[in-house]
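Thanks, everyone. Let me put the structure up, and then I'll walk through it.

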Amino acid sequence: MRVTILGSGSEGNALFFESGTTSVLVDAGLSHRELVQRFAAVGRETPNDVSALIVTHSHGDHAAHASVCATRLRCPVHASEETMPSLRLRRSVRTEPFSAGRQFRIGEITIHSVRLPHDAPQVALVFETKETAIGLVTDLGHVPRGLPRFLGECETLLLESNHDSDMLASGPYPTVLKRRVGGSLGHLSNAQAGDLLAYLPQVPKRVVLMHLSQTNNAPQLAKSSAEAALGHGRTQLLVAHQRQPLSLGAIRDTQLRLAL
Ligand SMILES: [Zn+2]
Ligand SMILES: [Zn+2]
């Protein structure tokens, strides 16, 4: 399974998962025009026919362009039953609601979901094929019980590491926003992301830190926190960017590169 992170952060999120003939866009927080530019930046044509668009939750940085993207990519929209009504999709867009906590299938990919604590209904997703499993966990205020076990089989984990708590506390955000971001229904701090990594039953081969705040975090701080939690050098650790897309190949390619 190949993943391209087209953008990650509060200005807009979109990821593209591919396995064989199945392709899934996850989140539509970037306009179709921006998607075209991001695909071009990794040397690819924008697909005009994808299997599905999955929207994790209704916040604008994940859902603002769902209607247009689903129309342009000629695909149905999958979202949880709680999220779907808030997406305000055009009538012409086909909708496929799923129950959070249940699994469903899109072509070659089986998708597992579980609810996350956030200030809108939100889900963590695991994308599973015959070869691998990739977890996507962003927009959560704390790590709920059962999440480490849900992610236990993931070879690759795309995990929110939104803010450094000290930078948030001393930073420029108004108090209300500081409370929202740092609260139990807000976003995951570097330390909380580290705690989750430390509690995983099986260490992933690759971790990508996601949804970093451009105001209240620094990539090096997020990385150091994750490195300390992982405790050894065998996991490949990457940081996703807001504007610079990141292409992740099959995990065995990574292992090969590390071995060389
Ligand atoms: Zn978000
Ligand atoms: Zn959100």
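A polar contact of 3.4 Å joins the side chains of histidine 112 and glutamine 103. By polar contact I mean a pair of N or O atoms within 3.5 Å; within protein, one must be able to donate a hydrogen and the other to accept it, and residues adjacent in sequence count only if both atoms are side-chain atoms. The side chain of histidine 112 makes another polar contact, with the side chain of glutamate 128, at 2.6 Å.

A word on the source. This is a predicted model, where local features need pLDDT of at least 70 and side-chain atom pairs count only at pLDDT 80 or more, while totals for chains, interfaces and linings use all residues. Residues are numbered from 1 along each chain as its sequence is written, chains are lettered from A and ligands numbered from 1 in the order in which they are written, and side-chain values use heavy atoms, with hydrogens and water left out.

Back to histidine 112. Where does histidine 112 sit? In strand β8. Strands (E, at least two residues) and helices (H or I, at least four) are DSSP runs, numbered from the N terminus. Histidine 112 is buried, with a relative accessible area of 18%. Buried means under 20%, exposed over 50%, partly exposed in between, with a 1.4 Å probe and protein chains only. Leaving aside neighbours within four places in sequence, the contacts of histidine 112 include Arg102, Ala124, Val126 and Phe150. Contact means heavy atoms within 4.5 Å.

Next, the sheet. 7 strands form an open, mixed sheet, in the order β7-β8-β9-β10-β11-β12-β13. Two strands pair if DSSP finds at least two bridges between them. β7 (104–106) and β13 (236–239) stand at the edges with a single partner strand each, so one side of each has no neighbour in the sheet. The twist averages 20° from one strand to the next. Angles run from 0 to 180 degrees between N-to-C directions, and axes are lines fitted to C-alpha atoms, for helices over the stretch in contact.

Strand β12 (residues 206–210) runs parallel to β13, joined by 4 bridges. Valine 207 stands opposite leucine 237 in β13. Helix α8 (residues 219–230) packs on the sheet, touching β12 and β13, and its direction makes about 155° with that of β13. Helix α7 (residues 190–199) lies across β11 (156–160) and β12, at about 150° to β11.

Now the metals. Which residues hold the zinc ion (ligand 1)? The protein donors are Asp61 (OD), His62 (NE2), Asp139 (OD) and His211 (NE2), 2.1 to 2.3 Å away. Donors are N, O and S atoms within 2.8 Å of the metal (3.2 Å for Na, K and Ca); water is not among the atoms, so sites may look incomplete. The 4 donor atoms around this zinc ion subtend angles of 93 to 156°, which makes the arrangement irregular. Four donors count as tetrahedral if all angles lie between 85 and 135 degrees; four count as square planar and six as octahedral if opposite donors are over 155 degrees apart and all others between 65 and 115; anything else is irregular.

The zinc ion (ligand 2) has His57 (NE2), His59 (ND1), His118 (NE2) and Asp139 (OD) as protein donors, at 2.2 to 2.4 Å. The site of the zinc ion (ligand 2) is irregular too, with angles of 91 to 169°. The two zinc ions are 3.6 Å apart, and aspartate 139 coordinates both. Histidine 57 and histidine 118 are both buried. So are aspartate 139 and histidine 211.
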